[in-house]
Amino acid sequence: MIASIVFNYNIGLRLGEKENANRKLLLALGIFINIGILFIFKYLGFSCGIINRILNSLHIKALNDINLIMPIGISFYTFQEISYLVDVYRKSELSQKNLLNLALYITFFPQLIAGPIVRYHDINEQIENRGENLSLFAQGAERFIVGLSKKVLLANSFALVCDRIYGADFFTYGSYAAWIAAFAYTLQIYYDFSGYSDMAIGLARMFGFNLQENFNYPYAASSITDFWKRWHISLTNFFRDYLYIPLGGNRKGKVRTILNRYIVFFITGLWHGAAFNFIIWGLLHGTLMTIERLFNNKKERKAIMPLAVLHRIITLIFILFLWVLFRNGTIRSVKMVLKMFGINYSTLWGDFHPLVINEILLLNIDTKFYILSAIGILFCFPWWRSLKRYFASKFIVKQSCENIALGIKYIALICLFILCYANLADNSYNPFIYFRF
């Protein structure tokens, strides 16, 4: 990381020289080196595995396996370094002359490990000119507690159910358990990742930084396109500004637009992990988005309310099935989807194994799970915004009422923090899903 910071600092200084005739070459070199480092640590072993499969099929001696330890946070800070170089190339005055300031941008610990991805032009002024005060610290603490509660009280509970079902023998449970696991993971990954983002944004605010939002109720999306405007917003914006638009965006005809979209979603899937299921996951999202763009009629959908509701439900179902692929790998996910529809893959390809022990659900699912699921579903949607607007329009809220509401909010936050503390003290099961990326 230190070597990477020093390298990008020097490239940034050269890019800041307007009279430098080699700025475009320097930018290309900087991007190539940054992506090259990421490729070596994250994708070299995966690439060698593919090459070895080809060599084995040709009866040629395979290459030695390569298993490098991936530096923590490299997927995130590599993109931030690329953002810095591109922004300086576009506006040379953004070149950072202070090495420590650039190091602060790249290594800012709250969001270093799992985002959100911070673009340089969004935060460069805050690095040198920001104000820390009690009000911002209090706002940050509130946001941190909300994120911690999402992770510890909700995501971890869903994770236990999901992991126990998916970790059990495939033949010991039926379609109901498969649906429960898919549903649990859909809630788990949202509350896990959005919880981390909330904690990162909260910590940053304590230090006087305002980071952009990373989630906006993605499961309330009306389409896959809308989903990607709401899910991991910082990654979506990064690929839009630094890849999709430079490739031509939607300005060069339908065919080129579709190709550009597939390139973006191929890289989106690959960014999530060096495995085929992530690539397929990304390409399927790109395919669904392309189909939507070609056949959807937004005006008709808005005019007919039942059609709009149906479209949201269909979108959620597609998202759920794609999370099964994301979680389980390519082959296993096919088996899981078949099982969700009551089809045992062994009956299709022989080796029949009829045993199904539905009692496994008793080990994983209880009243607590259903209560937390109801809470999880409830807070996946921004219903409270409409409620707040309704009361604001119908009633004149007195200052005393606002003070009472504020007191209730702080009591609730303190209770949530105590519950989180108790759960953390009692349980060491706290892996963040996006740490692996």
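In this predicted model, F341 counts as exposed, with a relative accessibility of 53%, a value that lies over the 50% cut-off for that class. W179, by comparison, is partly exposed, its relative accessible area being 33%.

Aromatic pairing was examined across the model, and the count comes to 35 aromatic pairs. For W179 and F341, the ring centres lie 6.0 Å apart and the planes stand at 75°, so the pair is edge-to-face, given that planes over 60 degrees apart fall into that class. This pair joins distant parts of the chain, since W179 belongs to helix α8 (residues 175–206) whereas F341 lies in the loop between α15 (330–340) and α16 (345–348), with 162 residues separating the two. An edge-to-face arrangement is also found for Y190 and Y191, whose rings are 4.8 Å apart from centre to centre, with 65° between the planes; Y190 and Y191 are both buried.

Charged side chains were also found over aromatic rings. The charged end of K42 is placed over the ring of W271, at 5.4 Å from the ring centre, and K409 lies over the face of Y410, with a distance of 5.3 Å to the centre of that ring.

Although 198 residues separate G273 from S75 in sequence, their C-alpha atoms are 9.7 Å apart in space.

Note on methods
Residues numbered from 1 in each chain as written. Predicted model: local features only at pLDDT ≥ 70, side-chain atom pairs only at ≥ 80, totals over all residues. Heavy atoms only, no water. Phe/Tyr/Trp six-rings, centres within 6.5 Å; stacked < 30°, edge-to-face > 60°. Helix = DSSP H or I, 4+ residues; strand = E, 2+ residues; numbered from the N terminus. Buried < 20%, exposed > 50% of the residue type's maximum accessible area, 1.4 Å probe, protein only. Lys NZ or Arg CZ within 6 Å of the ring centre and 35° of its normal.
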